[in-house]
Number of protein chains: 2
Amino acid sequence: MEKKCIGIDIGGTTVKIGIFETDGSLLEKWEVPTRKEEQGKYILPDVAASILEKLSQMGIQKEDVAGAGMGVPGPVLPDGYVEVCVNLGWRDMNPQEELGRLLGGIPVSSGNDANVAALGEMWQGGGKGYRDIVMVTLGTGVGGGVIINESIVAGRHGLGGEIGHIHVRDEEKEHCNCGGMGCLEQVASATGIAREARRTMAKEERPSAMRKFGDQITAKDVLDCAKAGDAMALEVMETVGRFLGLALSQIALTVDPEAFVIGGGVSKAGQFLIDIIEKYYKRYTAISQNTGILTLAKLGNDAGIYGAARLMLG
Amino acid sequence: MEKKCIGIDIGGTTVKIGIFETDGSLLEKWEVPTRKEEQGKYILPDVAASILEKLSQMGIQKEDVAGAGMGVPGPVLPDGYVEVCVNLGWRDMNPQEELGRLLGGIPVSSGNDANVAALGEMWQGGGKGYRDIVMVTLGTGVGGGVIINESIVAGRHGLGGEIGHIHVRDEEKEHCNCGGMGCLEQVASATGIAREARRTMAKEERPSAMRKFGDQITAKDVLDCAKAGDAMALEVMETVGRFLGLALSQIALTVDPEAFVIGGGVSKAGQFLIDIIEKYYKRYTAISQNTGILTLAKLGNDAGIYGAARLMLG
């Protein structure tokens, strides 16, 4: 039997699990709830039990499993150790060792969820066909993952791909969650885009289609107004695109990937968003016309299970 | 006989060559002039002849040479191809293949000189003992090299480690050589520091120890004045350190190296310079107290031959 690999994406609400062929075909995917009570001590046993049951149903022997990869929503040290994972209640443990034990010896590897999702997009998503990509996830926050030579660059302190906290904006006066000020996330996340729109509406008196949403405006509203040609919404998106383009150029001049893969809820705005980012990305990468392309992510919420499974293929 | 490896650093004036043990001990080093006439067609034959003669003098057989690495002052594509190397007159050639032929089959590998120097500093210099470093060379320009897992991240378009062209300064109104505006190199190279000092002197009327140098002031003069406590020189260096610290934090949040190794002529200012950079680097990397250290390069002009030799050790 062809070997299978398992991808596990541990989120704060549910754990997504997938069983894959080594060529990247998804055979089966399902979810289990994330039980966070008692410092998340039930999470891994739940996952293991669910996987063992599914393997049994599918008639897959342990020997036919190349391994199980796992994305964890927090920093993971090179040996799999997790000092603290606020979202799950975990502290000072090695989930990859523990899950390996619970799965009766199936090899387990793990990584930070944003990095693992980037690996998934490289394998079967927007970065398919490339070996070096940087993923940028524009969601509630801004996450990232750097893949060089088909491997995650996790960094020696778990900060690899933490591009949401790149400082881009000197004039920002509010603090970011990280303690810094002027982080990319503060302007380019869904939250950041909505805030930028609220600030712009408050600062100016011009009419704008955005005003009907008032303080409840979302990033999607801003993008919809911008696409419809609203001048103020376009200005907000130019600001967002300028800082994103700046950060991508800085990354390009550091690791020079073949492609930047843009994902997360905000990326549903599609090519319209890519075009705004690209204008500034090109401007700030004046040294060369020949730089990594900008493209859209394709796997959505499944990127994590794809990347986790891909972890096991070396 | 223990295998040897050869490191070659091709500069615009001289070619530096070294013969090393595989443990990094330098057995012999020497230079040959870089003959740039006729599109640099004599450079590689000169290098090959000089190496073959030296090996013969030292009683080293070709079979005892693991290989020869070469640093080239320009972009090198992954297969060793050089589209154009302005400094040498080379165009559309593969110097690594050509040198291999001239050396009668000794394996040859090559890379961009700044990247190769970074590898040298990782191997036997300021980054010794680390596997992931970023080198920052503050010379006439600002160069860089990114090393992850003991390998150069050259990038898919040769832009890996081109950190001198990271945009850091919006208020800059002059163009950089690269065509951009506000590049790190414009403020943090030796040339940039001197220019910043001239601008500051012109803008302000305060007395300063820098004024006696007038328009001939050098980066070393600025640093000497700053070390001696001159207020205006200190302000200039705070500006320089702020932009350097910003760029290093952006790099840390992308690849998270264990160490940044600071080299080049400007780095002769030593710990004084490191301290200024570090203040801002920490400020802009607020997300974690635990980030790559800043340290000084150690190999000076020999970094290139060390790194070139190290290329051959995989």
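The entries below go from the helix to the contact between the chains.

Entry 1. I note at the outset that I am working with a predicted model, and I keep that in mind for everything I read from it.

Entry 2. I looked up which residues of helix H3 of chain B, residues 95–102, are buried, and I found Pro95(B), Gln96(B), Leu99(B) and Gly100(B). Looking down the axis of H3(B), I see these buried residues fall within an arc of 135°, so they line one face of the helix.

Entry 3. I then asked what the buried residues of H3(B) pack against, and the list in chain B comprises helix H2 (43–58) together with the strands S4 (65–72), S5 (82–85), S6 (90–93) and S7 (108–112). Just after H3(B), I also noted that Gly104(B) has a positive phi of about 65°.

Entry 4. For the contact itself I recorded 36 residues from chain B and 35 residues from chain A. On the side of chain B that touches chain A, the elements giving two or more residues are strand S9 (142–148) and helix H8 (231–255) of chain B, and H8(B) supplies the largest share, eight residues. Sorted by class, that side of chain B holds 16 nonpolar, 15 polar and five charged residues.

Notes. Residues numbered from 1 in each chain as written. Chains lettered and ligands numbered in written order. Predicted model: local features only at pLDDT ≥ 70, side-chain atom pairs only at ≥ 80, totals over all residues. Buried ≥ 20, exposed ≤ 12 C-beta atoms within 10 Å, placed from the backbone. Helix = DSSP H or I, 4+ residues; strand = E, 2+ residues; numbered from the N terminus. Arc of directions from axis to C-beta. Contact = placed C-beta atoms within 7 Å. Nonpolar A, V, L, I, M, F, W, Y, C, P; charged D, E, K, R; others polar.
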